[in-house]
Structures are given as structure tokens and as C-alpha cells.
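Dear colleague,

Please find below the sequence and structure that I am handing over to you.

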Amino acid sequence: MTRAVVIATTASETPMGAQAYERAITARAAEALVRTGHPGAVQEVVARSLRSPLHGNRRLPMGWLSSARPSARRLLGHLVYPRHALVHRMDLVLPPPPGPDVVTLHDLVSWDFEDESAPVRAAAAELRRADAVICVSEFTATQALERLGLTDVTVVHNGVDERYFDPPSLDAAWLPRHGIPGPFVLYAGGSSARKNLPGLSAAWGLASRGLPDWHLVLAGPRSDIRTALFAGLPRVVHLGRVEDAVMPSLVAAAGCVVVPSHYEGFGLPALEGMAAGVPVVSSNRSSLPEVVGDAGILVDPAPDALAEGLLAVASSSVDLAAMTERGRRRAQRFTWDRAADGHAAVWASLL
């Protein structure tokens, strides 16, 4: 008999949206199971590479796992997880368990973008064999069907951290100390190709002439690509990674949140901006219309359209008060408690 739910993740040096998802679901898993009527123990497996200094309770040959044959991965799975456990793998690199296997599929970027990590060799076959696959958006579910042939998946949308709804104001000196004296557009995210930073750079080159008092603020891991793309453009501030405790307040202080991506499996930055009551200018691609709905300005992620969206916010040519109120109401539907309940329902069906 299956007696426990094991949530399996990998340690990360630079936590991003996937790690926010892992933390939120893991923290709520036990209570969510109780609500299903199938209470049980929840255990964590946090894998790290053989020489990693990061926190974890399993050491695994991560590089080998990415290219290992399915049979070898299954054999290692017998050694990694507790016996008689239902295992929910939140990272495709982790080996499958001998018992019930639940897998999270955030997106298919590994298959579509050369600058992302290459897909795990066995991932597609293991997803087809899994007892349950949870996708974080209808967009990802559609991609999973069209690209991987997955016909039976469960869509459970991500949630938004409650701190984004009413965060404390930033210290009065915080923005000037970081070179932000006035209103600003905030981009929060990475620098990979799918994030479309070339498009944002070109858009800011167009829009900045009509926004002489505004800055473009870039939050997220620094990179040579990012520095080069925005070099020479006016009033661009590179913050690098911002502490988790500060991010909700920074988002709430923005005059606009921009999400220019070509591809997002879900799009947490858009949802966080909506929760904070900030106007959102978002790409109309991939999962973003599913998240934003009518609560933001959806545009083609081309430079001219992105620039028009930013100028529309700054000029108040749209009813910003009504749009941000719709955003807050829409964001309230995306809770981590609801997401945890969706996960627990899948687990309970297999216990």
C-alpha cells in the first residue's frame, strides 16, 4: 500500500519561478491531502549533484541522468525513493520511481530553444508512462499533446504569493539609492532567448523618447547578453537579483510591469504585477493571454507594439484604474492553496 507522498525536487543556486512553485506546493501539501480525505505523510527528496555545496538530502549524478537510458534511470529510482511511496517529480531530470509516478511539466522550452538546457533523453517516454502529468497551463497541456502525444494530463494553474496583494512600501531612500528617481517600467526575469530581451531593448529605444521622466528597471540575474542589449539606451537600471523580501514592494512601486516573452509556460511576473495593482503590458503569446485575460494590455511582442503598450500606460490613454482593478480580482483566483488542492486531488486518486 502507498503510505506517503514524496515530493522530489532539485537544489537550485538561482531560484526562479519553478522553485517558487515547488516551495509553495510542498509547504501546503500535507494540509491539502487532509482536505481530500486521504491524509498521509509528505516527505521531501531534494537532489543535488555529487559535488554540489547546495542543500539537499540526495546526491545524484545529474549530468549522467540527463542522457541515461530509461532502464538505467528506473534502476536508480529504486534506490533514491522510499519504498511504497507515491513520488511527484517536479524536475524531469530526476529518475522515475518504482511506484506511482506523478510529474510536473512546466513547459517545453528544452525542446524548442537552443539556449535552454537540452531535454532529458528519457523525458518524453517517461512522461507518456507516468501515472499522472500536471501541466501548469492549458497552453502547456496543448503543447504536451501536440509535441509529446500526452492525451491525459491535468491542468493546475500556479498561484501568486499573497505578499504581492498588499506589500509594504519601499523605504523612501531605496529607489533613489538604486538610481531610480521617478516612475519606472519593471522587467523581472532572465535573459534567455524566449524572454525576448532584444524586443524589449528595441521597444525601449522607441518608447523612451516619449517617456522622458521614466526609467526601465531590469531585475533578475545579470548577464553579458543583457548588459550588451541595453548598452547606450537612456535611463536603464540593472538591479540584478532582488531579495525575495523586497520583490513584492518593488513590483508595487512600478508604474508598469512588462512581460515581453515569446514563450512562457505560465508567466508569474504578469500575475504578480496584477496582484500588486500595477498596469501590465504583456506579450500575447503562449500562456500569457490565459493568465492576463482582459486585465492587462496584450500586444504582439514586436518592438513597435511593445512600445505602444508602454506609451499607453504612461499617457493613461486606457482606463488604468479599471484595468488594475480587474487585474487584482483576476489574480485572486490564482491561489497557491487552490493549486495545492489540485495537486492533492491527483495524489489522492493514486493513493
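The lining of the second largest pocket draws at least two residues from each of β1 (4-10), α1 (17-36) and β2 (41-48). Helices (H or I, at least four residues) and strands (E, at least two) are DSSP runs, numbered from the N terminus. The model is a predicted one, in which local features need pLDDT of at least 70 and side-chain atom pairs count only at pLDDT 80 or more, while totals for chains, interfaces and linings use all residues. Residues are numbered from 1 along each chain as its sequence is written, and side-chain values use heavy atoms, with hydrogens and water left out.

The volume of the second largest pocket is about 290 Å³. Its lining comprises 14 residues, of which T9, T10, Q19, E22 and R23 are the closest to the centre. On a 1 Å grid over the protein atoms alone, a pocket is an open set of points with protein on both sides within 12 Å along at least five of seven lines, a cavity is a set where a 1.4 Å probe fits but cannot get out, and lining residues have an atom within 4 Å of a point. Grid points are joined across faces, edges and corners, and a volume is the space filled by probe spheres set on the points. With five residues, α1 gives the most to the lining of this pocket. By class, the pocket lining holds five nonpolar, six polar and three charged residues (Ala, Val, Leu, Ile, Met, Phe, Trp, Tyr, Cys and Pro count as nonpolar, Asp, Glu, Lys and Arg as charged, and the others, Gly among them, as polar).

α1 also packs against helix α15 (residues 336-350), at an angle of about 60 degrees and with the axes 7 Å apart. Axes are lines fitted to C-alpha atoms, for helices over the stretch in contact, and angles run from 0 to 180 degrees between N-to-C directions. The angle makes α1 oblique to α15 (under 35 degrees counts as roughly parallel, over 145 as roughly antiparallel, 65 to 115 as roughly perpendicular and the rest as oblique). The crossing of α1 and α15 is right-handed; a crossing is so named if the near helix is turned clockwise from the far one by less than a right angle, and left-handed if anticlockwise. The contact of α1 with α15 divides into 14 nonpolar, two polar and four charged residues.

A search of the whole structure returns one cavity of 30 Å³ or more. β8 (184-188), α10 (247-253) and α11 (268-275) each supply at least two of the residues that line the largest cavity, and α11 provides the largest share, three residues. Six nonpolar, one polar and one charged residues make up this lining.

α11 also meets helix α14 (residues 320-331): their axes come within 7 Å and cross at roughly 115 degrees. That angle makes α11 roughly perpendicular to α14. The crossing of α11 past α14 is left-handed. L271, M274 and A275 of α11 touch T324, G327, R328, R330 and A331 of α14. Four nonpolar, two polar and two charged residues form this contact.

Finally, helix α8 (residues 197-207) and helix α13 (residues 303-315) cross at roughly 55 degrees, with axes that come within 8 Å. α8 is therefore oblique to α13.

With kind regards

Notes:
Contact means heavy atoms within 4.5 Å.
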